[in-house]
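Here are a few notes to go with the model you were looking at. Keep the structure open while you read.

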Amino acid sequence: MKLPLYIETLPEDYQEVFQVDAANKELAVKMNIAAAVPMIAALIGVVVYDLKTKTYDHWSFLGMLGVFYILLLVYTVAHELTHGVVYAARTHKKLSFGFNGMIAWCGVKDVYVSRKVAIEALAAPLVVFTIVFGLGILLSPGWFFREVFILLLASHWGGCVGDIYDLYLLYKKFPEPALLMLDTGPTQTFYLPFNEAGPDHPGMVAGGRTDGIQKESKAQRDSQADGKSENQNQIRI
């Protein structure tokens with residue numbers, strides 16, 4: 001049976017198998033470090049290039065940074081809006097916006113999307129703005145805006161770390177066509193049918209949200225252990 005692009009109620013035969021939570025401190029630290037790498041590398045590269053070519057000017061450099069930060073704010077909104085536009089186009093649901101002090105997001109509420117829609121929505125900003133900023137670098141008439149676009153591209157790649165991680169999970173850990181994803185902004189939760197979400201699934205790794213499976217298996221083991229213990233006691237009697 002072909003899975004619809006989205007559903008509003010999770011089927012009874014589905015269970016949660018993994019969750020990416022940006023509010024998790026350990027994950028947040030790792031993602032922030034990964035996101036900072038391209039930006040730091042680009043900034044060092046720009047400064048070194050300017051010093052070597054003797055085009056560095058203190059005030060011009062500060063002006064370039066000012067333009068960069070203004071465009072970075074615009075890009076941040078546009079990035080999240082791109083996610084939302086894909087979700088809205090695929091589900092025909094009203095967009096919702098959110099900001100929790102650290103993370104901004106744009107999507108559709110309480111909708112479980114198919115793996116296909118999840119991939120499209122997650123990949124859209126990565127593809128669109130890599131092209132936009134790449135063209136900006138190639139077509140800029142002078143060093144000033146070329147360096148602005150270099151920093152924007154680096155920030156963009158860093159800002160897509162979470163999206164890239166989710167795409168990695170969808171392609172490597174959870175390739176099942178039956179997968180559903182709930183994206184609330186800070187968290188992306190993956191669901192699979194019971195018959196595809198066993199404890200031996202390659203996506204069930206340490207640190208993942210396998211609580212339901214682990215607890216269920218543990219309960220079954222405890223039940224079996226209690227049964228064996230009871231049988232042994234009866235034999236002893």
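1. Start with the threonine pair: the side chains of T187 and T184 make a polar contact at 2.6 Å. A polar contact here is a pair of N or O atoms within 3.5 Å; within protein, one must be able to donate a hydrogen and the other to accept it, and residues adjacent in sequence count only if both atoms are side-chain atoms.

2. A word on the source: this is a predicted model, where local features need pLDDT of at least 70, side-chain atom pairs count only at pLDDT 80 or more, and totals for chains, interfaces and linings use all residues. Residues are numbered from 1 along each chain as its sequence is written, and side-chain values use heavy atoms, with hydrogens and water left out.

3. T187 sits in strand β7, residues 187-193 (strands are DSSP runs of E, at least two residues, numbered from the N terminus). T187 is buried, at 14% relative accessible area, whereas T184 is partly exposed at 38%. Buried means under 20%, exposed over 50%, and partly exposed in between, using a 1.4 Å probe and protein chains only.

4. Find T184 in the loop between β6 (180-183) and β7. T184 and G107 are 77 residues apart in sequence, yet their C-alpha atoms are 7.5 Å apart in space.

5. Now have a look at β3, residues 95-99, where the side chains alternate.

6. What is β3's partner? β3 pairs with β4 (residues 104-108) in the antiparallel sense, over 5 bridges; pairing takes at least two DSSP bridges between the strands. In this pair, F99 stands opposite A104 of β4.

Methods:
Helices (H or I, at least four residues) and strands (E, at least two) are DSSP runs, numbered from the N terminus.
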